[in-house]
Structure formats: C-alpha cells, structure tokens
Amino acid sequence: MATPALSSTDDIRTRAESALTRCGAQLAAYKGDALTARTPITGAALFGLRADTPADVDRAVEAAGTAFRAWRTTPAPVRGALVKRFGELLTEHKQDVADLVTIEAGKIRSEALGEVQEMIDVCDFAVGLSRQLYGRTMPSERPGHRLMETWHPLGVVGVISAFNFPVAVWAWNTAIALVCGDTVVWKPSELTPLTALACTALLDRAIAETGAPAGLGQVLLGAADVGERLVDSPLVPLVSATGSTRMGRAVGPRVAARFGRSILELGGNNAAVVTPSADLDLVVNASVFAAAGTAGQRCTTLRRLIVHEDVADTVVERLTSAYRRLPIGDPFREDTLVGPLINESSYTRMRTALDRAVEDGGTLCAGGERQLAEAAPDAHYVRPAVVRMPAQTAVVREETFAPVLYVLTYRDLDEAIRLHNDVPQGLSSGIFTADQNEAERFLAPDGADCGIVNVNIGTSGAEIGGAFGGEKETGGGRESGSDAWRSYMRRATNTVNYSGQVALAQGVNFSQ
Ligand code: NAD
C-alpha cells in the first residue's frame, strides 16, 4: 500500500498564519525565542514565540482585577450578551480554530471541528445561564424574617489548560466564568499556544464590539513556571487547572495554602465493563472510538475493557481486527481516523508501558508499531494497541496518555466492579449490557466510583450539558454544565428582619 502523503511543514505554517490572521491574532507581537509552536503532524517547529515573565503574570492579573470591578456589577444578562457574541464569532471562525487545533494538537478534522462546536455549545449554555443564576429562598424560623441566598461574582479566575483539549476546556471555564461576573487569566499548554492566541483574539473582538471592559480575558504564554505564578497569586480566588495528576498534586496544595479555591480536572484511567448480554457490535464500535480516537489522548479515553470471560475471546478478536484496519496518518485527510501522538516522549511512554505489560504476562494482540516513520521522521504516528492482561498490574493502574487498551476478564459482576474501581483515578466509566439490573447495579452507590458513569456508551465524548469531572486522583472538580457554575461564584446567605422586633434564632432569649 502506498504511504499516504502528509501535509508539508511549509503548508501547515502558511495555513496556521492564515487562520491566525483571519481570527485577528497578531502573531508578530508574540514572536520570540522562548517557546516553540510545533505541529505533531510533521513534528517540525512552526514559529518561535516569546514567553511571559512573572511581572507579566502580575500585570495580567491586575488588569483582570480592574476589569472585574466593573464587570461584577454589570447585569448578568448583559454579561450574557458578550458570551453570545463570542459564540457567534466562534461559529464564523469554526474552520480557522479547528485548523489550529489540528495543526497543534494533531486532532483529525471531525474531532477538531467537534472541539470548536463544544465551545459554541457552552457559549449557548452560558447565555441561557445568565438569566438563571438562581439563589434559594428558605423559610425562616423567625416571624417577620426572610432567609435567602444570593450568588455573587467571585473575582479573577486562573485557567490552566492541557494540550489535548487546547481550547474547549478554556471555553467551558471562560463562558461560565464571564456570565458569573468573573474575569479570566488563561495559561494554555505550552504545546498549543497558537490556538490560544486565536481564541483570545476572538474574545477581544467580542469584548470590543459589546463594549465590555477591556482586560476581561487575558492570555499568558509559557510553561509551568508561568502557571505557578498564576497559581500563587493572592488576587486569583479560583484556579481551574486541567492536566496530569502530577500537575494537580503541585497546584492543589499551593492554592489551598493561600485558602484559594481550585477546580482540578486531572488524569483518568477509564474502564468499561462488557457483560455477556451486551450488543457486541455496539461494544466494538463504541470502544474503538473511545480507545483509539484522538490517538488515545483524551482524559476520558477508554484504557481498560473488563469483559466477561464468556465473550472475551470474541471481543478481543473483533477489536483486534478493527484496530488493524484503522486509517492512521495526516489528520487533515478526511479518511484518517487516528492522527499523531503529541511528541516523542508520548511515544516513548507508550512503548515503555507496552513492554511493562508484556513483562507482566500480557499479550500484545494488535498495534504498538510506529507508523509513517520514513515520511515523517520527527513525527510520532503509532498503531493503537490492544493488550490482553492476566491481571490488573501496576502498569494497568497508571494512566499512559497514548492509545493502549488493556483487556481484562471477569466472572461475576461484583468482581468486574471491584476491578473497575481498583485504580487511583475516577473520571469516566461505562457498562455495556442489555440487563437492566446490571446497569442499575453499575450506577448504584456501590457501583462505578467515577464522576461520569455511562450505560451502553463508551467513556469519552461527554456533552456540555452535564457537569464534567471525576473523583479520586482525577481531582474532584466539576466544570461545564448542570450546576457547575456555582464554583465560579460566592454564595451570600441573607436574613432580612422586617418584624421590627429582635428575634433570636434557636429560641435564644437575651432581653434585659
Ligand atoms: P500537563 O500536566 O503536562 O500540563 C497541563 C498544564 O499544566 C500545562 O498548561 C502546563 O504548563 C501546566 N503546568 C504543569 N505543571 C504546572 C505547575 N506545577 N503549576 C502550574 N501549571 C503547571 O498535562 P498535558 O500533558 O498537557 O495533558 C495531558 C493530561 O491532562 C492527562 O493526564 C489528561 O488525562 C489530563 N487531562 C484531564 C482532563 C480532565 O478534564 N480531567 C482534560 C484534559 C486533559
């Protein structure tokens, strides 16, 4: 078979420049030699960029703080108008932002467009929310008193994001934070600075067009040190950080030490249970997307399949054959389903995990081989791997951020749930079954211990309407839909006395 052509680095660079220009980003203002914007498609450098200094971080936080003082008293539906305009601009520039997502994160077209759609969806959600930031009224125990709660804007929100969802995670945070009356300082992944510049330019345009205070949304380029400065700033009451558990372990305690709040969205080690009654067509189709989609680089990627022993051979056979047919290559090609890994260390980590799994008695049933190494020696394309494991060994209990699917077998559902929960992470899970009792058992309090628990759906590809996040080492944060907005506001409990009398709660008498 002829090797499919890859886009050239020059073409990719030109495409990136055009997309940035159309979005209104001034690339020239960011040129420098502290950071390198690369593309995993060819593995080559695209542009040298400057990085922000600690003083720049402080200035950005101060500017966001100044904007906050005007924004917090702007009526929430008026704040919604800004987010509405931002959503319109994203719709207009959907292809441009998706181009940059493909260029920097290596996502295939459909997934890159899906990521931008997710941003548009969360803007819609936030606009509706801007008229629904409800507080409760509670019955007071005292006559002539009213007891209620009011939700107020919190302040500057620091957003730290990962390379694999370079823009959607920021949009989840930003759209909600802005309608809640907060302002945002964003430290995107150093691996994806271009998407960040494009999105910030679009937000700036929406700010200018709607007359919102300048400084509402700031971007900082740089690596962990820039993130650390943001994390330590006492002027940032909430830090929403998405990335590895290693990063969360550093960020969580630092924010807590200054009594700040954090939303931590960290690593996952997601599993699905396949019961004997499951529709195996559904299992295979859903699992291939969940495990191999985005080249296994989603926090919700399916990493463990816990299959009943009666159907395990069939499931492995069918998965293996589907994996062998997966089209791997240039993510800009319409027929590609698996793009590149982000970089060489990612490939090395995948190879190390596969070696460890085999040492532990695992059988590599498919994949693991590097692809397109001749056409793109600096890029890292790999065939997703399926490994059948005799037990849930240490390597299976870790998150390897690459397309490795471990298959384990079980005899009874309790054993499957035990295996499922016996990992440090707790993000996303699923059960494939036609038996309602089994499904309910999985959803029950002693079932799956994750933040996302699905039935007859793979672990990845959440909708924005639900709260997103996970338990244990995944960090406990919730973002996006449902009532996740509450984390971006402060609650004031108000008691109003209209009785003209002093009446003390709990029947306390203090009269002289
Ligand atoms: P990473 O932890 O290397 O980096 C994430 C971000 O944190 C980057 O912007 C980085 O510069 C910053 N950072 C790193 N150390 C820091 C520190 N000490 N202080 C402040 N900032 C710091 O993660 P990555 O490789 O970009 O992304 C992959 C990881 O992210 C995977 O573990 C994946 O599961 C996780 N992830 C989780 C979610 C979720 O919602 N749970 C979503 C996407 C990715």
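Let's start with the ligand: domain 1 (53-266 + 475-491) and domain 2 (270-467) each give residues to the shell around it, so the ligand lies between the two domains. Keep in mind that this is a predicted model.

**Around the ligand**
- There are 30 residues around the ligand, and the ones that come nearest are Ala162, Gly227, Gly243, Glu265 and Cys299.
- Two elements give two or more residues to this shell: α8 (224-232) and α9 (245-257).
- Helix α8 provides the largest share, with four residues.

**An open sheet of three strands**
- The strands of this open sheet come in the order β3-β4-β23, and their pairing is antiparallel.
- β3 (137-138) and β23 (489-497) sit at the edges with a single partner strand each, which means one side of each has no neighbour in the sheet.
- Strand β4 covers residues 145-153 and pairs with β23 in the antiparallel sense, over nine bridges.
- To find a spot in the sheet on your screen, look for Glu149, which stands opposite Thr493 in β23.

**What the record says**
- An unreviewed UniProt entry places the feature "domain: Aldehyde dehydrogenase" at residues 35-491.
- In the model, the span 35-491 is 39% helix and 21% strand.
- The C-alpha atoms at the ends of residues 35-491 lie 40 Å apart.

Conventions. Residues numbered from 1 in each chain as written. Predicted model: local features only at pLDDT ≥ 70, side-chain atom pairs only at ≥ 80, totals over all residues. Pairing = 2+ DSSP bridges. UniProt positions renumbered as here; feature names shortened; annotations may be inferred. Near = placed C-beta within 6 Å. Domains from an automatic or database assignment.
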